[in-house]
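Subject: Structure for you to look at

Hi,

Here is the structure I promised to pass on. Please open it beside this email and follow along.

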Amino acid sequence: MKNSKIMNIRNLLGLLTLAVSLGFSACNKDLELTPESSYNTADFYQTINDFRQALFGAYGGLRSVQGFDYPMMMESLSDNVNTLQNTTNNPLARFGFTPGDDRILGVWSAYWNVINRTNNILDQIDAGEFPNEETRTIMKGETQFIRGYCYFQLGWIFGGMPLIDRVMNAEEITTVARSTQAETFAFATADLEAAAAALPESQGGDNLGRATRYAAKAILARLHLFTKNYDAARPLLEEILAYDGFTPFEQFSDCFLNTRDNGSEHVFQIQYTSGLNSQGNPLVYSLVPENLRSEQFPQGGRSTWLAVSNDLYEAYDTSDVRRDFTIQKGYTSANNVIDSLTLLFIKYAHGTVPPNNLDNDVNLSIVRITDVQLMYAEVLNEMGYTPDGEAFTLLNTVRGRAGLDSLTSSEIPDPDTFRDTLFNERRLEFACEALRWFDIVRQGPERAAAIMNAFLAREEEGGGSLTFDPKYLLMPIPDSEIRTNPALEQNPGY
């Protein structure tokens, strides 16, 4: 599968290099374009190759943001990282950020850049020249999937967004005010539903790794779980689980090996490859310190790495195979100094070691089938707790692969206990997959504050010197965006 992906991306390289802003590294601040600069292009596409080029550009924009700014920000905000150890180079980790923070702007700008690319496509695809309508329909569905995903991401991270569904000039942009979060989610829902109706159930050959019907349904189900619309999420998750193309890998470790990319575990992944210009995955080495030297990291990491929290490490049972695969305790520096305490994320570093740090070709999963299983277990519990019912079976299936014993209703006697157990299981299964902060936020202000304050009360996190403010459940709108568009209002508390 990986070879097919490499051939596919090599074939597309000539087109990718023509797309705006795709030649940069994911951590290059040149990607921080404001909506004003993002929406001032008026490219015209006519042939199928023109639209392919534009669509590759949209996928490339996702590759950039998902490969650095977004996962680094999501993990930093959560209880998965050590807040004091990360304070110096990462103010997000201790909520020391402002609306002028570069990483927040990077996430905002990158998603808006992708939305601009999708609007360029959707404005013109109906009039384009295609060999057949099926191809047009699928490419339009992929574009709607990407735009819907971006609006969902912006909506839950920042709140209500200005809803821009066509290409606008800079003057028009500065008059568009924010819609509500509910309206933003409704917009994303419409795109994702249209994508699910248009896309095939699988993509192969030169299209391997591109969005499918089930990718759209999975993101839509995730949106419905955020809004606690379990009735809407249930049939989507049931459809995915009924599809025989998805089965969990036998071993947890296989989920993060480049040799198993695009396999049956993965509902949707962001695609990376090595040996090309800026197409590798930079997140792998970004998670560890620059002075580390090991077989997995022969060139070390970078200065903006993430130290894992003791709270996360201790949440794993010692028999849980996921712990030592996900987290490394201690490391040896380039000067042979041994650090026996620092905890590092190494989840993506078990595959082929690339020739340089930026050229890792392991994909990043946006949705794995175990995520679908646990989402469905959550839906079943919220719609009606059943002792030792199907929700227990799904939860225990995930636990079983990790080497853990099954849990029964004697240990989880009610829906509240099941909910807490489920969210803990999600934390362990998806650590370093940018889902923990999402799961904290969607539990609501009261529960989120309880989780974060208990975490911040730990001695190594400052012993309660910092109290969590629920305003952080929404990130601030970047200052530069408000200066550009006075119609945007800042989130409360900033």
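Start with helices H10 and H14, which are oblique to each other. This is a predicted model, so please keep that in mind throughout. Two packed helices are described by the angle between their axes and the distance between the axes. Here the angle is about 140 degrees, and the axes are 9 Å apart. H10 covers residues 230–242, and H14 covers residues 369–383. H10 passes H14 in a left-handed crossing.

Which residues make the contact between H10 and H14? On the H10 side they include Tyr-230, Ala-233, Leu-237 and Leu-241. On the H14 side they include Ile-369, Val-372, Tyr-376 and Met-383. By type, the residues of this contact divide into twelve nonpolar, one polar and five charged.

H14 has another partner, helix H16 (residues 415–429). Their axes come within 10 Å and cross at roughly 170 degrees. That makes H14 roughly antiparallel to H16. Among the H14 residues in this contact are Thr-370, Leu-374, Ala-377 and Asn-381. H16 brings Pro-415, Phe-418, Arg-419, Leu-422, Phe-423, Arg-426 and Glu-429. This set divides into seven nonpolar, two polar and six charged.

Next, find Tyr-385. Tyr-385 sits in the loop between H14 and helix H15 (390–401). Leaving aside neighbours within four places in sequence, Tyr-385 is in contact with residues including Leu-380, Phe-392, Pro-413 and Phe-418.

The largest nonpolar core has 146 residues. Phe-145, Trp-156, Phe-158 and Trp-437 have the most contacts inside it. Which helix gives the most to this core? Helix H6 (residues 133–158) does, with twelve residues. Take a closer look at Trp-156. Sequence neighbours within four places aside, Trp-156 contacts Tyr-70, Met-74, Gln-181, Phe-185, Phe-226, Trp-437, Phe-438, Val-441, Leu-473 and Leu-474.

H4 (residues 69–77) is mostly covered, with nine of its nine residues buried.

Val-114 is worth a stop. Val-114 is in helix H5 (residues 102–124). Is Val-114 buried or exposed? Val-114 counts as buried, because its relative accessibility is 0%. Val-114 and Ala-58 are 56 residues apart along the chain, yet their C-alpha atoms are separated by 5.3 Å. Not counting residues up to four places away in sequence, Val-114 touches Ala-58, Gly-61, Leu-62, Ile-146 and Cys-150.

Last, two backbone points. Most residues other than glycine have a negative phi. Asn-336 is not a glycine, but has a positive phi of about 65 degrees. Asn-336 lies in the loop between strand S2 (327–332) and strand S3 (338–345). With a relative accessible area of 63%, Asn-336 is exposed. Cys-432 is not a glycine either, and has a positive phi of about 70 degrees. Cys-432 is found in the loop between H16 and helix H17 (436–441). At 3% relative accessibility, Cys-432 counts as buried.

Best wishes

Key:
Residues numbered from 1 in each chain as written. Predicted model: local features only at pLDDT ≥ 70, side-chain atom pairs only at ≥ 80, totals over all residues. Heavy atoms only, no water. Axes fitted to C-alpha atoms, helices over the stretch in contact; angles between N-to-C directions. Helix = DSSP H or I, 4+ residues; strand = E, 2+ residues; numbered from the N terminus. Parallel < 35°, antiparallel > 145°, perpendicular 65-115°, else oblique. Left-handed = near helix turned anticlockwise from the far one by under 90°. Contact = heavy atoms within 4.5 Å. Nonpolar A, V, L, I, M, F, W, Y, C, P; charged D, E, K, R; others polar. Core = buried A, V, L, I, M, F, W, Y, C linked by side-chain atoms within 4.5 Å. Buried < 20%, exposed > 50% of the residue type's maximum accessible area, 1.4 Å probe, protein only.
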